[in-house]
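Here's a friendly walk through a protein model, taken one feature at a time. Have a look at the sequence and the fold, and then we'll start with a pair of helices.

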Amino acid sequence: MRRLDLPEIEDQPWCPGWLRDALTGYLQVAIEQGRPYDVALPALDSLVSATRATGVIDLGSGGGGPWPGLWPELRARHPGLTLTLTDLAPNRNAVERFAGVEGATYSTEGVSALTVPPRPGEVRTMFTTLHHFSPEEVKDVLLSAQRDRVGFAAFEATHRSAAGLLVTLLVPLLALVLMPRVRPRNWIALLLTYLPPLVPLVIWWDGLASTLRTYSVEEIQAIAAEIAEPGYLWQVEEVRSPGIPLPVLQVIGLPGATAS
């Protein structure tokens with residue numbers, strides 16, 4: 001299935017803030033309920049250990065992604081580790097939510113994943129974010145981590161396949177069920193979830209676009225091979241979690257290592 005670079009409404013500069021918050025809020029609840037990224041914990045644990053990282057900087061954090069569930073477990077394994085969540089358009093609700101989380105902060109300043117300042121001792125992570133970028137931009141993201149000699153981990157729960165497209169058909173129904181669970185509650189978004197169902201339609205479109213924009217293992221492997229250099233190892237694979245219908249794309253960058 002050919003990759004289609006379809007526009008997502010959430011990414012558009014004209015998308016109103018209340019709608020963007022509704023979209024990221026829905027995604028946040030969906031991730032917390034489905035927990036597709038639980039499979040990321042072993043890779044993150046190994047990456048932090050291998051790089052002796054003192055911190056994690058998450059790029060394109062949106063509403064926080066899987067971090068509310070992953071962070072307590074990762075920090076328990078690595079006491080003293082810090083987490084900084086960032087986004088080009090910081091989610092106000094997530095900033096407040098993480099204000100009380102030990103060792104974690106959500107930056108109120110806009111941060112682009114394409115221009116991350118070098119921060120020695122930190123590994124970079126991305127969840128449900130890589131597909132937002134063009135192949136050249138993905139190349140720049142990976143090359144930046146490789147050039148700065150920092151650990152890197154990206155995970156994508158969407159899957160460009162027939163099964164992935166079938167899953168998107170359920171999204172409008174899931175939106176009807178999950179939108180009332182989004183906090184804080186926005187009455188405009190809640191009203192337009194049902195009368196008329198504008199929000200579920202927008203969520204469905206962005207879910208479909210995300211699915212068709214998702215990279216395959218082979219595509220990321222080709223990008224990694226293009227930039228590969230001694231002393232930095234790229235590992236790209238799909239990992240599966242019990243009870244989750246789609247595999248998760250996992251892209252790991254490890255400094256100081258070479259292919260065997």
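Start with helix α2 (residues 40-51) and helix α3 (residues 67-77), whose axes come within 10 Å and cross at roughly 40°. The axes are lines fitted to C-alpha atoms, for helices over the stretch in contact, and the angles run from 0 to 180 degrees between N-to-C directions. This is a predicted model, so local features need pLDDT of at least 70 and side-chain atom pairs count only at pLDDT 80 or more, while totals for chains, interfaces and linings use all residues. Residues are numbered from 1 along each chain as its sequence is written, and side-chain values use heavy atoms, with hydrogens and water left out.

So how do we label that angle? Angles under 35 degrees count as roughly parallel, over 145 as roughly antiparallel, 65 to 115 as roughly perpendicular and the rest as oblique. α2 and α3 are therefore oblique to each other. The crossing of α2 past α3 is right-handed; that's the word when the near helix is turned clockwise from the far one by less than a right angle, with left-handed for anticlockwise.

Which residues of α2 and α3 meet? On the α2 side you'll find Ala40, Leu41, Leu44 and Asp45, and on the α3 side Trp67, Leu70, Glu73, Leu74 and Arg77. Contact here means heavy atoms within 4.5 Å. Sorted by class, the residues of this α2 and α3 contact come out as 6 nonpolar, no polar and 3 charged. (Ala, Val, Leu, Ile, Met, Phe, Trp, Tyr, Cys and Pro count as nonpolar, Asp, Glu, Lys and Arg as charged, and the others, Gly among them, as polar.)

Now hop over to another helix pair, α7 and α9, which pack at an angle of about 135° with their axes 8 Å apart. α7 and α9 are therefore oblique to each other, and their crossing is right-handed. From α7 come Val171, Pro172, Ala175 and Leu176, and from α9 come Pro200, Ile203 and Trp204. What classes show up in the contact of α7 with α9? There are 7 nonpolar residues, no polar ones and no charged ones.

Next up, salt bridges. One is counted when a side-chain nitrogen of Lys or Arg lies within 4 Å of a carboxyl oxygen of Asp or Glu, and the count comes to 13 salt bridges. Among them is the pair Asp5 and Arg213, at 3.1 Å from N to O. Asp5 sits in the segment before α1 (17-34) and Arg213 in helix α9 (residues 198-213), so this pair ties together parts that are 208 residues apart in sequence. Is Arg213 buried or exposed? Arg213 is buried, at 6% relative accessibility, and Asp5 is partly exposed, at 48%. (Buried means under 20% relative accessible area, exposed over 50%, partly exposed in between, with a 1.4 Å probe and protein chains only.) Asp5 and Arg213 also belong to a salt-bridge network with Glu8 and Asp11.

Another salt bridge joins Asp148 and Arg124, with the closest N and O atoms 2.7 Å apart. That one links distant parts of the chain, 24 residues apart: Asp148 is in helix α5 (residues 135-148) and Arg124 in strand β4 (residues 122-127). Arg124 is buried, with a relative accessible area of 3%, while Asp148 is partly exposed at 23%.

Then there's Glu229 with Arg149, where the closest N and O atoms are 2.9 Å apart. Glu229 is in the loop between α10 (217-227) and β6 (232-239), Arg149 is in the loop between α5 and β5 (152-156), and the two are 80 residues apart. Glu229 is partly exposed at 35%, and Arg149 is partly exposed at 36%.

Finally, take a look at the backbone. Arg149 turns up again with a positive phi of about 55°, although it is not a glycine. Arg35, in the loop between α1 and α2, is also not a glycine and has a positive phi of about 50°. The peptide bond from Arg183 to Pro184 is cis, with omega near -5°, and Pro184 lies in the loop between α7 (171-178) and α8 (187-194). The bond from Leu195 to Pro196 is cis too, with omega near -10°; look for Pro196 in the loop between α8 and α9.

Methods: Helix = DSSP H or I, 4+ residues; strand = E, 2+ residues; numbered from the N terminus.
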